[in-house]
Amino acid sequence: MTQKEKPIYVTEPNLPPLDELIPYLEQIWKNKHLTNGGPFHQQLEDALCDYLDVPYISLFTNGTIALITALKALGVSGEVITTPYSFVATSHSLLWNDITPVFVDIDPVTLNLDPDKIDEAITSRTTAIMPVHVYGQPCEVEAIDKIAKQNNLKVIYDAAHAFGVKNHDVGILNYGDLSVLSFHATKVFNTFEGGAIVSPDEETKYYIDQLKNFGFVNETTVVETGINGKMNEFSAAVGLLQLQYIDEAIEKRKAIDVTYREGLKNIAGIRCHSQAEKWQSNYSYFPIFVEDKYPLSRDDLYEKLKTNGINARRYFYPLITEFPMYQELASIQVNNVKVAEDVAANVICLPIYPELSKQDILSVLEHICVAP
Ligand code: T4K
């Protein structure tokens, strides 16, 4: 396929200039420290703590292993309340820890776990809540915090989409007991594959660092059934370089967001996701919702875009609760995720990434505006 025939993807990785990566590679080749807490790994942890304004961070090989490790680090067991409207890694991390997910519906505006519905899902087996800041929009962190305190529950935020997001000027990663990031290629900030856990104190970080290194505390002592979750030096180097361009990348995303909102505002039956004043977005996704007044169904619009070389995505459809390993769970037998079902049936995420050209943005808009 020639460059011209390449589809417009929902996202493309943000890559720093290749020539600027070479000195980092030379350094790795010179010192031959490829992984297991090398110098770039250390530098990236420090740089991310500064940028994200968080006390402690542990880098991981990807966000999923970080989620699995976060649950293990807090000794979470039994049942965990979570959202069906997410990428499947969120709830898979629970199953990998032999924890039963209890799915609670989402709020129709934020699309995050609805705090008003959490209480009724708590049982004697509940030990934690795992909300997701979907599309980077902050959860109702104060309300969730209150419920958790009242019921002695841990809170682990899946913050895979929320790199650099702020809520009332406070970094969103500072809420809950732990927050987990993904640095996958498709994310606002990427290290090819990667992830991280944000911890509130040194002791927790130290324990998480043991867990991600097989449980070793020194050369001869293993204190936990740890895993291999370590980020390698290449990924850490990419991250360090990436960080130099992150503000510019977010600004470019913002400009695309503004253009889409303007271009779609008068299209009957197309609704954009809310953009609250009180939080600072990272513009990681651009979901739209296809409603009755639009002449095409969601799936017809999705297919139309695809036929015209625009690979938009239906994140998050199907809902997690549709997948076979979740279908038998008691929490979904009671038909309690109606809002999430409705949102999943109507959503399309439009292409958004820093290098998306004006021409491509206009092409996306044109295909949505001129329907069918
Ligand atoms: N929690 C949440 C809430 C998450 O959204 C995710 C991941 C996780 C946890 C787990 O974090 P990680 O373990 O992944 O670090 C993608 C990503 O693989 C996944 O990371 C992400 N969420 C999810 C929302 O999206 P797919 O299956 O849609 O990816 P894929 O390969 O179809 O890529 C989407 C588009 O991106 C492609 O059409 C083309 C473009 N692309 C992709 C890759 C990988 C590129 O241009 N270059 C690339 O290298 O899951």
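These legends walk through several close-up views of a predicted model.

**View 1. Two domains side by side.** Let's start with the overall layout of the chain. The domain assignment gives domain 1, covering residues 18–243, and domain 2, covering residues 246–369. Their C-alpha centres are 24 Å apart. Where the two domains meet, 41 residues of domain 1 and 35 residues of domain 2 take part in the contact.

**View 2. The largest pocket, with its lining residues.** This pocket has a volume of about 450 Å³. Its lining is made of 26 residues, and if you want to find the centre, look for Phe87, Ser182, His184, Thr186 and Lys187, which lie nearest to it. Helix α3 (63–73), helix α4 (89–95) and strand β9 (178–182) each contribute at least two residues to the lining. By residue class, the lining holds 11 nonpolar, 12 polar and three charged residues.

**View 3. The largest cavity, with its lining residues.** The largest cavity has a volume of about 90 Å³. Among the 15 residues that line it, Tyr135, His273, Gln275, Trp279 and Tyr285 lie nearest the centre. Helix α8 (246–264) and strand β15 (286–290) are the elements that give two or more residues to this lining. The lining of the cavity divides into seven nonpolar, six polar and two charged residues. Because domain 1 (18–243) and domain 2 (246–369) both supply lining residues, the largest cavity lies between them.

View 4. Tyr135 is one of the residues nearest the centre of the largest cavity. What is the phi of Tyr135? The angle is near 60°, a positive value in a residue other than glycine.

**View 5. Helices α1 and α7 crossing.** Helix α1 spans residues 18–31 and helix α7 spans residues 233–243; their axes come within 10 Å and cross at roughly 145°. The crossing is right-handed. On the α1 side, the contact is made by Glu20, Leu21, Tyr24, Leu25 and Ile28. On the α7 side, Glu233, Phe234, Ala237, Val238, Leu240 and Leu241 take part. Which residue classes make up this contact? There are nine nonpolar residues, no polar ones and two charged ones.

View 6. The loop to follow here runs between β16 (310–311) and α10 (330–333), and Phe316 is found in it. The peptide bond from Tyr315 to Phe316 is cis, with omega near 10°.

Key. Residues numbered from 1 in each chain as written. Predicted model: local features only at pLDDT ≥ 70, side-chain atom pairs only at ≥ 80, totals over all residues. Heavy atoms only, no water. 1 Å grid on protein atoms, 1.4 Å probe; cavity = no way out; pocket = protein on both sides within 12 Å on 5 of 7 lines; lining within 4 Å. Points joined across faces, edges and corners; volume = space filled by probe spheres on them. Helix = DSSP H or I, 4+ residues; strand = E, 2+ residues; numbered from the N terminus. Nonpolar A, V, L, I, M, F, W, Y, C, P; charged D, E, K, R; others polar. Domains from an automatic or database assignment. Axes fitted to C-alpha atoms, helices over the stretch in contact; angles between N-to-C directions. Left-handed = near helix turned anticlockwise from the far one by under 90°. Contact = heavy atoms within 4.5 Å.
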